[in-house]
Amino acid sequence: MKTGESMENYLETIYMLNQETGFVRSVDIATALGFSKPSVSNAIKKLKADNYVQTEEKGRIVLTEKGLTVAKETYEKHCVISALLMHLGVSEEVALEDACRMEHGLSDESFAAMKKHLQMAKEMKTKSNP
């Protein structure tokens, strides 16, 4: 099943919050995304029904293997796109915002090319700054 932009945002947010705190609840997601608690609750129900997340005791939300895969892929795209944009001279704030919008519709081919270009740019910078 293909995930949509909204679901990818939720999964990526859960992943990032878990990396930061190790414990993610609906209220944490609502705060991070600026959404209402009922909206987050509905999204979590859908993610749970589609086997992207599980809920544990005390309201902890954890990614399933399927959810973790999508979250990591989305997060990687976000990191690569924002780094590439900053390398091109875009401010960090704008690069992070633009990466959020671009990461969802990007083809695998374009993403691979961006990754390759960024890696080459980093290698060139390393060679020129020993």
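Thr74 is buried, with a relative accessible area of 5%. Buried here means under 20% relative accessible area, exposed means over 50%, and partly exposed lies in between, using a 1.4 Å probe and protein chains only. Thr74 sits in helix α4. Leaving out residues up to four places away in sequence, Thr74 touches Glu8, Glu12, Glu103 and His104. Contact means heavy atoms within 4.5 Å.

A word on the source. This is a predicted model, in which local features need pLDDT of at least 70, side-chain atom pairs count only at pLDDT 80 or more, and totals for chains, interfaces and linings use all residues. Residues are numbered from 1 along each chain as its sequence is written, and side-chain values use heavy atoms, with hydrogens and water left out.

Now the overall layout. The chain has six helices and two strands. From the N terminus on, their order is α-α-α-β-β-α-α-α. Helices (H or I, at least four residues) and strands (E, at least two) are DSSP runs, numbered from the N terminus. Along the principal axes, the C-alpha atoms fill a box of roughly 55 × 25 × 25 Å. Of the 130 residues in the chain, 32% are buried. Among contacts with a separation of 6 or more, 54% join residues 24 or more positions apart.

The largest nonpolar core has 17 residues, and Leu11, Ile14, Ile29, Ile44, Leu47 and Val53 touch the most other members. A nonpolar core is a set of buried Ala, Val, Leu, Ile, Met, Phe, Trp, Tyr and Cys residues joined through side-chain atoms within 4.5 Å. Helices α1 (5-21), α2 (26-33), α3 (37-49) and α4 (65-87) are the elements that give two or more residues to this core. The most come from α1, which gives five residues. Apart from this core lies another, of 10 residues, among them Leu84, Leu106, Phe111 and Met114.

Leu47 deserves a look. Not counting residues up to four places away in sequence, Leu47 touches Met7, Tyr10, Leu11, Ile14, Tyr52 and Val53. The C-alpha atoms of Leu47 and Thr64 are separated by 9.9 Å, with the two residues 17 apart along the chain.

How do α1 and α2 pack, and at what angle? Two packed helices are described by the angle between their axes and the distance between the axes. For α1 and α2 the angle is about 110 degrees, and the axes are 10 Å apart. Axes are lines fitted to C-alpha atoms, for helices over the stretch in contact, and angles run from 0 to 180 degrees between N-to-C directions. The two helices are therefore roughly perpendicular to each other. Angles of 65 to 115 degrees count as roughly perpendicular, under 35 as roughly parallel, over 145 as roughly antiparallel and the rest as oblique. On the α1 side, Tyr10, Thr13, Ile14 and Leu17 meet Asp28, Ile29, Ala32 and Leu33 of α2. By class, this contact has six nonpolar, one polar and one charged residues. Ala, Val, Leu, Ile, Met, Phe, Trp, Tyr, Cys and Pro count as nonpolar, Asp, Glu, Lys and Arg as charged, and the others, Gly among them, as polar.

Ser82 is buried, with a relative accessible area of 4%. A polar atom of the Ser82 side chain lies 2.8 Å from the backbone oxygen of His78. Leaving aside neighbours within four places in sequence, Ser82 is in contact with Ala95, Leu96 and Ala99.

The loops come next. Thr64 is in the loop between β2 (61-63) and α4. Is Thr64 buried or exposed? Thr64 is buried, at 9% relative accessible area. Not counting residues up to four places away in sequence, Thr64 touches Asn51, Tyr52, Val53 and Gln54.

Asn51 itself lies in the loop between α3 and β1 (53-55). Asn51 is partly exposed, at 42% relative accessibility. Most residues other than glycine have a negative phi. Asn51 is not a glycine, yet has a positive phi of about 65 degrees. Lys58 also has a positive phi, of about 60 degrees, and is not a glycine. Lys58 is found in the loop between β1 and β2. Lys58 is exposed, with a relative accessible area of 73%.

Lys45 is exposed, with a relative accessible area of 56%. Lys45 and Thr55 are 10 residues apart in sequence and 9.6 Å apart in space, C-alpha to C-alpha.

How values were computed
Polar contact = N/O pair within 3.5 Å; in protein donor to acceptor, adjacent residues only side chain to side chain.
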